[in-house]
Amino acid sequence: MGSGWHEWPLVIFTVFGQCVAGALLVSGLAWMRESDEAVRTRIVRSMFFLWLVMGVGFIASVMHLGSPLRAFNSLNRVGASALSNEIAAGSVFFAVGGFWWLVSVIGKMPPALGKVWMVVSQILGIGFVWAMTRVYQIDTVPTWYTGYTTLAFFLTMVLGGPLFATLLLRTAGTAFKGSFAASVSVLALLLSVAVIVLQSNELATLHSSVQQTSALLPDYGAWQVGRIILVAAGLGCWLCPLIRRQEPKALALFAGLVLVVVGELIGRGLFYGLHMTVGMAIAG
């Protein structure tokens, strides 16, 4: 997927992490609103897949560092380094949310404490995504040093997270259809298209003394069109049954999630492919 795929560990880590953070928001709200204890238990069990995916994301991030020991070294500058803050935020989110799941699944979590713990985990998930965005606000990389980077990362959370949560809730046997969540994801898709158009116009004005930004990814437009088609098709697997006033089937939701995630992986690969470190960036 363009020249950015050499950063595939970071592509997987960021996309998976953002989807998990978004899914915990939706599934956690559904869990807190559910009154049937048996259904609540099934929801908690289904959340195992959130932490499984988060674990895969962290394994990928460690592979990017080259050695597991470097993961610990990256925490040496928490508070001063955006990278250290990202690793710390992700680790705390993973630990707090994962421990909530473990205590809840064995039935030892007090109900009142469980809800507070869930809210804290959800907030930590949002903070984790925010910390990710700060890593790429580098003034010497003009293609990343923009608000579009922050917006794109949070849009991935809203595109993949609610669909992931709906799949888990459906497999847990709940009546959750996610009509409102689906509408929010569609809005996120429209915003993603707007970001692509606006950022493409901005990229056309950037160049260094030795390189044009447009030369970094000659097929940037074609890849983005393919990405949007995949994401739209994925959301369609969720939306079409809702439009027909039917409950989405788990298989359709799974297929939709795969399409959305693949689309966002392509988009993130393009993001890394736009890396351009320059001593001086020239606009216009």
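Predicted model: local features only at pLDDT ≥ 70, side-chain atom pairs only at ≥ 80, totals over all residues.
Let me start with a helix pair: the axes of helix H6, residues 111-135, and H7 come within 9 Å and cross at roughly 145°, where axes are lines fitted to C-alpha atoms, for helices over the stretch in contact, and angles run from 0 to 180 degrees between N-to-C directions. Helices here are DSSP runs of H or I with at least four residues, numbered from the N terminus. Residues are numbered from 1 along each chain as its sequence is written, and side-chain values use heavy atoms, with hydrogens and water left out.

At the contact itself, Ile126, Val129, Trp130, Met132 and Thr133 of H6 meet Thr150, Phe153, Phe154 and Met157 of H7, contact meaning heavy atoms within 4.5 Å. By class, that contact has seven nonpolar, two polar and no charged residues; Ala, Val, Leu, Ile, Met, Phe, Trp, Tyr, Cys and Pro count as nonpolar, Asp, Glu, Lys and Arg as charged, and the others, Gly among them, as polar.

By cavity I mean a set of points, on a 1 Å grid over the protein atoms alone, where a 1.4 Å probe fits but cannot get out, whereas a pocket is an open set with protein on both sides within 12 Å along at least five of seven lines, and lining residues have an atom within 4 Å of a point. The largest cavity has a volume of about 230 Å³, a volume being the space filled by probe spheres set on the grid points, which are joined across faces, edges and corners. Of the 19 residues that line this cavity, Ala152, Gln199, Gln224, Arg227 and Gly267 are the closest to its centre.

Which helix gives the most to the lining of the largest pocket? That is H1, with six residues, and the pocket holds about 450 Å³ of space. Its lining has 13 nonpolar, four polar and two charged residues.

The second largest pocket, with about 300 Å³ of space, has a lining of 11 nonpolar, no polar and no charged residues, including Phe16, Phe164 and Phe254. The largest share of that lining, four residues, comes from H10.

Notes. Helix = DSSP H or I, 4+ residues; strand = E, 2+ residues; numbered from the N terminus.
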